[in-house]
There are 4 protein chains.
Amino acid sequence: MGNTFGHLFRVTTFGESHGGAVGVIIDGCPPLLEISPEEIQVELDRRRPGQSKITTPRKESDTCEILSGMFEGKTLGTPIAIMVRNQDTRPQDYEEMSVTYRPSHADATYDAKYGIRNWQGGGRSSARETIGRVAAGAIAKKILHQVAGVEIVGYVKQIKDLEANIDPHTVTLAQVESNIVRCPNAESAEAMIKLIEQVTREKDSIGGVVECVARNVPKGLGSPVFDKLEADLAKGVMSLPASKGFEIGSGFAGTLLTGSQHNDEFYTDAAGNIRTTTNRSGGIQGGIANGEDIVIRVAFKPTATIGKEQKTVNREGAETTLAAKGRHDPCVLPRAVPMVEAMVALVLCDHLLRDRGQCRVFTP
Amino acid sequence: MGNTFGHLFRVTTFGESHGGAVGVIIDGCPPLLEISPEEIQVELDRRRPGQSKITTPRKESDTCEILSGMFEGKTLGTPIAIMVRNQDTRPQDYEEMSVTYRPSHADATYDAKYGIRNWQGGGRSSARETIGRVAAGAIAKKILHQVAGVEIVGYVKQIKDLEANIDPHTVTLAQVESNIVRCPNAESAEAMIKLIEQVTREKDSIGGVVECVARNVPKGLGSPVFDKLEADLAKGVMSLPASKGFEIGSGFAGTLLTGSQHNDEFYTDAAGNIRTTTNRSGGIQGGIANGEDIVIRVAFKPTATIGKEQKTVNREGAETTLAAKGRHDPCVLPRAVPMVEAMVALVLCDHLLRDRGQCRVFTP
Amino acid sequence: MGNTFGHLFRVTTFGESHGGAVGVIIDGCPPLLEISPEEIQVELDRRRPGQSKITTPRKESDTCEILSGMFEGKTLGTPIAIMVRNQDTRPQDYEEMSVTYRPSHADATYDAKYGIRNWQGGGRSSARETIGRVAAGAIAKKILHQVAGVEIVGYVKQIKDLEANIDPHTVTLAQVESNIVRCPNAESAEAMIKLIEQVTREKDSIGGVVECVARNVPKGLGSPVFDKLEADLAKGVMSLPASKGFEIGSGFAGTLLTGSQHNDEFYTDAAGNIRTTTNRSGGIQGGIANGEDIVIRVAFKPTATIGKEQKTVNREGAETTLAAKGRHDPCVLPRAVPMVEAMVALVLCDHLLRDRGQCRVFTP
Amino acid sequence: MGNTFGHLFRVTTFGESHGGAVGVIIDGCPPLLEISPEEIQVELDRRRPGQSKITTPRKESDTCEILSGMFEGKTLGTPIAIMVRNQDTRPQDYEEMSVTYRPSHADATYDAKYGIRNWQGGGRSSARETIGRVAAGAIAKKILHQVAGVEIVGYVKQIKDLEANIDPHTVTLAQVESNIVRCPNAESAEAMIKLIEQVTREKDSIGGVVECVARNVPKGLGSPVFDKLEADLAKGVMSLPASKGFEIGSGFAGTLLTGSQHNDEFYTDAAGNIRTTTNRSGGIQGGIANGEDIVIRVAFKPTATIGKEQKTVNREGAETTLAAKGRHDPCVLPRAVPMVEAMVALVLCDHLLRDRGQCRVFTP
């Protein structure tokens, strides 16, 4: 249970980091969407390990194979199965973990829940699981763009205490991809890269904040009550490995304002559209998109795997120490950007289809 | 769509603030749980309007009627339907809102989505909808307590810039209920109450942060991947009206630490249990409870409804102004506490049943 | 669990036969549908007890109250809660059943599953539960009719060994409602009524077959694989009390033909539509509607409650006998007709919305 | 949508007959189940084409590869992905079908729904899709057997007008597998094989009835209302290709009896168990298993693909004729047996886990 996401555009992922393969089934994709494996691979390449000097050196091409659901370059409307074989696995790096629990990892909790665990890596809790999400997200992005011109842009907003100044309303994918840390502020990016390199030398790790904007989201997407758009976005990104916090619009800082300072007043723009002068709501009011930019932030903790020696216990509870030998990211943020974008795309695409299904029957 | 929450312990709410009634159906409740209407009413009374001088003066007894699913004081295992009639409705207070959009409310987005809206109050976006959640939460709490001794305690951690010092590991319900703002630090509580009263006089509103702890959660609850325990908690509380942010454990502040500072090292306690020396994980690792206290924080924005005049537009887009006449809370925090607790209880109870269903078959 | 039906047009029922009330929540109803309580009541009246001399004399007006989801005669798009209070309950009729198991009823299985049971009637297994289905079905029917002109007509095809000759392609609701047994063949209806009256005198009961046709179902409704239209129809009607069998199109009789006899050959009609010359498929091919009439048949067993003395056991397993005193239908068929229609409507309406959600994005 | 089945033990299939692969993801499988690929392959071999002279000569070894969810011979509790590559595909056999609709196939309805179709075979409507079901069913069967000793035995009960006399309470898998038509009555089997061979020579096809029994099903499995055990069984088997009817227990024949003839009277057996003297209920009362054998029957139509020439139309509606060249089964019944068993196993396993999740909390 728990490996499926979405209600109408429904994604199910599978795979351990060191099993045969990881992948995804997308059920509910609209038929006749034109999309090529290359378009999906572009997103997977943004996520894959070994893409730069500041990511894990694990070598995985993460080449995807589409097993079903496509025909002559178009979606069939049937389940799209996408698979990526695991290649560069070194179970020997993890032998110690077969008995020793890595601090702040899922080793101990998986043992508590299942009584068994694929210890040759992170198993199902590995970030390799997100390959399926990113592949599905590529399809969701294309649907959203074709139907409504939606643009989803994620970027690194903060690494440790380095916070970048970025305008979510104008930032572009090209700016994000212009450097290896995926911070579209060049000056901040440089400082961030240096900090990551320093931390790597210290056999330590750091975290930060990814911000993501979705522009041109049609008014009306989202639902009241439990499936509020911000609730589904929160679930989506809080289900990513290493995430510890979520904000929309004004977020925690908004609690410092009064209502008269915080409310987004309405006006009518030149084109006759009802707009808000400010956007502390973050593009969503009452769980439903209001047409303004949706802006969220996600906190990622410092990578749990570090080269420094730490105190821990083994499966029997005997105390011991551990210094990671496996290859790992000193900072997950650069690779987290496409993951956050994917989850935002999955949520929005699902709500796009749901809105069409329920609400465009008697309502224009 | 979007009015159902949970997979095995499944809750569906209904009702507008000024329709005939609000309520809930709970499907999947274990049979033979002893629970009385009075136990449910206790929680509803913590949520109801008019409970103190710092909440909305709207008079609603919020008396619940159990329509089904109970017999001779015990649950039947069949759907439990609970209904609360709306009483103190004054549609005339809202007549202006039938055409004028309240800033940072859901009026405009509901119109965009549905093309129709019950304007006699907040309709479905009213916080009255949470009555059903709180009633269901009372049942979930009792199951969790009976099966595993789980304790869920929420409290006001911060109002505007007033932050209280509270130890989540020892705080009690009695301490929380000892004052009307539900802040278990007496000194902070006094200051908070004064601030709310001042803001009320200024016809303005304020927000803050609710913290909630769940103690004695069995190791192993939660799922990998999409239904991670923190992801479902995030969705649960971000689906509450006025919430803008969610954190678990170290949250956003955790991004300022290095991995060696942030990781929770393991040790074995005197009783032979594997524990962590710190709890920056917030009781969850890899989406699964590790037996430590689960600690979350939820940001609530200042109440959108204020007496001060604000700029806005009407349904036709013509610009106008609005000063709320309806009765409203100057600060939702005191009443948000039982709502947050309810959502935490719903998530944990659902995962308790799911864990028993899937994982206690061949695993002890 | 198990009290919710449908994926986008989602219905959840609640209530025991002798608890406070029975009812339904409909989540996912399109907004702006005009429908009155009277239109819903019409269907409930076709289902209610005491409607004729051949149904149970239990007196229930089954008057529905709409608690939410409607405003000024139109649906809001939010959950529609509909409730019917139980009135004519005589728990004393059932006192014996508190300890004695009624043969071919659910008393013993509910005890095995739940360890508790509302013995004051059938509890949750009572056919009163179908009130919620019929109310929801009235709304589904109206949506289907407004959007696509769909007509759903059910009728009694067979009572015991009396089978009526009826043309599903032309039969009308008026013909069905022209007599109390709901068999649109007047001659057969008369014989059936006589047979039911005779069986009633003998303190026995009988069953039969309901046939139901859905006309003007848009081509393309339904899904491949698990949610084939016939699979969802089968589940829908096999979830009705007392149903023992389901057929679509040629059904069991179709197994006696060869493929060359059974296949529905295609032709193009005068209007240019692709049609089939025969309809052994029953309007569905590969799980998807082909535009021909959908024709199904449902077998209902003879009512389990009979006045004749039967051997049975009590909760402790001691053998005893039982002769029912409660009021009951000697034949459920006349009242089963609106139930079957309701389930057909729920399935079709759900698939209508699902098809619009997924398949009308890039496909006309 | 529509490619997922089950609530706790949840199966999602993917794949077209002539795409890269077909397969399944099983989410919710209990951890620590010991099962080998060989055990799964045994069931796939019962389903695969080319297994005997009376099945399609298409050559597919249908060798399964387990991609995830297993470790050292045991289930991990994470998604089990199983894939079978398509091998013996001859798209040229289907070229004509790219434009011409095969009568009583899904070609026309897929075009109506999706506007696109993989015409190189049956695409998603091909019976190859059931590979995933059968693989998942093998796992479900093992769980059911290990936990409760459940035995599921399906067999051919009828081919065209040849009906076999078989006792569901004693029939064994070995008897079923003792001949190629899977009819455990040797005399009937011989006649059935001869009939199929004759029909093959006539370039025609025939259908029949599969009966399936599930023994030792624990009392209490199943749910009231929509997810009645018989409703889920009906949906499960009616979602199989070519099925046209479903019966449980007395089925359609039961409508010819009176209640006093039909009811199953209770008694207490020597071991003190409450039993029924007859089993017209087919092992289920009120949607819940009563511990007696569950007995169902499924009608399968004659194979739609036949070598005889038939009238049809092409995509543009122009009338033409078609005589199938593709390899196909003259009678699907022998291969339908493992499919029916698989669906029964999936339903029972899902309800087993659901019952443990909801009902074994306070109830023993």
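Tutor: Begin with a definition: two strands pair if DSSP finds at least two bridges between them. The model is a predicted one.

Student: How many bridges join strand E11 of chain A to strand E11 of chain B?

Tutor: Pairing requires at least two bridges. Both strands cover residues 243–248 and they run antiparallel. Within E11(B), Gly245(B) is the bridge partner of Glu247(A). The number of bridges joining the two strands is three.

Student: What area do chain A and chain B bury between them?

Tutor: The contact involves 109 residues of chain A and 109 residues of chain B. Of the buried area, 60% is on carbon and sulfur atoms. In chain A, the greatest losses to chain B fall on Lys113(A), Phe226(A) and Lys244(A), together 11% of what that side buries. The area buried between the two chains is about 8,200 Å².

Student: Which residue of chain B meets Lys113(A) in a salt bridge?

Tutor: Between chain A and chain B the count is six salt bridges. A salt bridge needs a carboxyl oxygen of Asp or Glu within 4 Å of the nitrogen. For Lys113(A) the N to O distance is 2.7 Å, and the partner is Asp355(B).

Student: Which residue of chain A forms a salt bridge with Arg85(D)?

Tutor: Chain A gives 43 residues to its contact with chain D, and chain D gives 44. Two salt bridges are counted between these chains. In the one formed by Arg85(D), the closest N and O atoms are 2.6 Å apart, and the partner is Glu65(A).

Note on methods. Residues numbered from 1 in each chain as written. Chains lettered and ligands numbered in written order. Predicted model: local features only at pLDDT ≥ 70, side-chain atom pairs only at ≥ 80, totals over all residues. Heavy atoms only, no water. Contact = heavy atoms within 4.5 Å. Salt bridge = Lys/Arg side-chain N within 4 Å of Asp/Glu carboxyl O. Buried area = accessible area lost by both parts, 1.4 Å probe. Helix = DSSP H or I, 4+ residues; strand = E, 2+ residues; numbered from the N terminus.
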